[in-house]
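Try each task before you read its solution.

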Amino acid sequence: MVKSFGEFLLFIQSMLFRKERFSVLWNRTVDECIIIGVNSIFIVAIVSAFIGAVTCVQIAYNLTNPLIPKSTIGYMVREMTILELAPTITSIVLAGKVGSSIAGGLGTMRITEQVSALEVMGINSASYLVLPRIVAAMLMFPLLVILAMSLSIIGGYLAGSLTGALSAQEYVEGIRTDFIPYNIVFALIKSVVFAFLVSAIAAFKGFFTSGGALEVGAASTDAVNNSIIAILVADFALAAILL
């Protein structure tokens, strides 16, 4: 494990050393932003909307004390969404979609010797192939998390109104109660950290793949597993440090 961590740090160092021209990296980063961000909007929207709806319904089911106002349901949906569900669940979903894609793509390029061809031409393959992916992930994850926050709260609003668990006025009153702006900042910090972990771990696993198609599949699986574990560990560490 220590050896793997050391290799990972050397991999990150090689990526930052002898970078390609800014214009080249910029064009590659824009392309990766479309692949990572735009192509992930649908799955993030579906997951976040239903998570917000289910959270609202389940809180309403458990909140049976008549002394507690129903607006508390909206308050709890907002807090759970912003602090935990939107950044963490979205990043876990993206670890499966984006992480496996990065690992599989780089692994395929490695076993078909496309990476070796770049190095023969004098191109820093880590900088050219990996850096744009990591930068794009760190740019797009926060935007997707903001989208997930909004749709999750809207999903809770629609679920509460349609099921009759609480009125629209009570829900809006709840989400406006005791709002702390720093929670948004905290969620965005988490999303940037998670983006780096997912993209860097997936790139590391894919970049050093050897063998054939089976090994590419195994690298993608390992990338997703390790990314999810890293997200959960970082989630606890960031909560302990920043809250």
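Two residues are in contact when heavy atoms lie within 4.5 Å. The model is a predicted one, in which local features need pLDDT of at least 70 and side-chain atom pairs count only at pLDDT 80 or more, while totals for chains, interfaces and linings use all residues. Residues are numbered from 1 along each chain as its sequence is written, and side-chain values use heavy atoms, with hydrogens and water left out.

**Exercise 1. The whole chain**

Describe the secondary structure, the extent and the burial of the protein chain.

Solution. Start with the elements: the protein chain has nine helices and zero strands. Helices (H or I, at least four residues) and strands (E, at least two) are DSSP runs, numbered from the N terminus. The pattern along the sequence is therefore α-α-α-α-α-α-α-α-α.

Next, take the extent: the C-alpha trace spans about 70 × 35 × 35 Å along its principal axes.

Then turn to burial, where buried means under 20% relative accessible area, exposed over 50% and partly exposed in between (1.4 Å probe, protein chains only). Of the 243 residues, 43% count as buried.

Finish with the contacts: among those between residues at least 6 apart in sequence, 86% join residues at least 24 apart.

**Exercise 2. How α3 packs**

At what angle does α3 pack with α6, and at what angle with α4?

Solution. Two packed helices are described by the angle between their axes and the distance between the axes. Axes are lines fitted to C-alpha atoms, for helices over the stretch in contact, and angles run from 0 to 180 degrees between N-to-C directions.

Take α6 to begin with. Helix α3 (residues 41-62) and helix α6 (residues 125-163) pack at about 40 degrees, with their axes 6 Å apart. That makes α3 oblique to α6; angles under 35 degrees count as roughly parallel, over 145 as roughly antiparallel, 65 to 115 as roughly perpendicular and the rest as oblique. The contact of α3 with α6 divides into 13 nonpolar, seven polar and no charged residues. For these classes, Ala, Val, Leu, Ile, Met, Phe, Trp, Tyr, Cys and Pro count as nonpolar, Asp, Glu, Lys and Arg as charged, and the others, Gly among them, as polar. On the α3 side, the residues include A45, A49 and G52, and on the α6 side they include G155, G156 and G160.

Now take α4. Here the angle is about 145 degrees and the axes are 10 Å apart. In this contact, α3 contributes residues including V47, I51 and I59, and α4 contributes residues including M76, M80 and I89. The residues divide into 15 nonpolar, two polar and one charged.

**Exercise 3. How α1 meets α6**

Work out the orientation of α1 against α6, and name the residues in the contact.

Solution. Helix α1 (residues 2-16) and α6 pack at about 100 degrees, with their axes 8 Å apart. That makes α1 roughly perpendicular to α6. F11, S14, M15 and L16 of α1 make the contact with A126, S127, V130, L131 and I134 of α6. Seven of the residues are nonpolar, two are polar and none is charged.

**Exercise 4. Positive phi values**

Where do E113 and D178 lie, and are they buried or exposed?

Solution. E113 lies in the loop between α4 and α5 (114-120), and at 55% relative accessibility E113 counts as exposed. Its phi is near 65 degrees, a positive value in a residue other than glycine.

D178 lies in the loop between α7 (168-175) and α8. D178 counts as exposed at 57% relative accessibility, and its phi, near 50 degrees, is again a positive value in a residue other than glycine.
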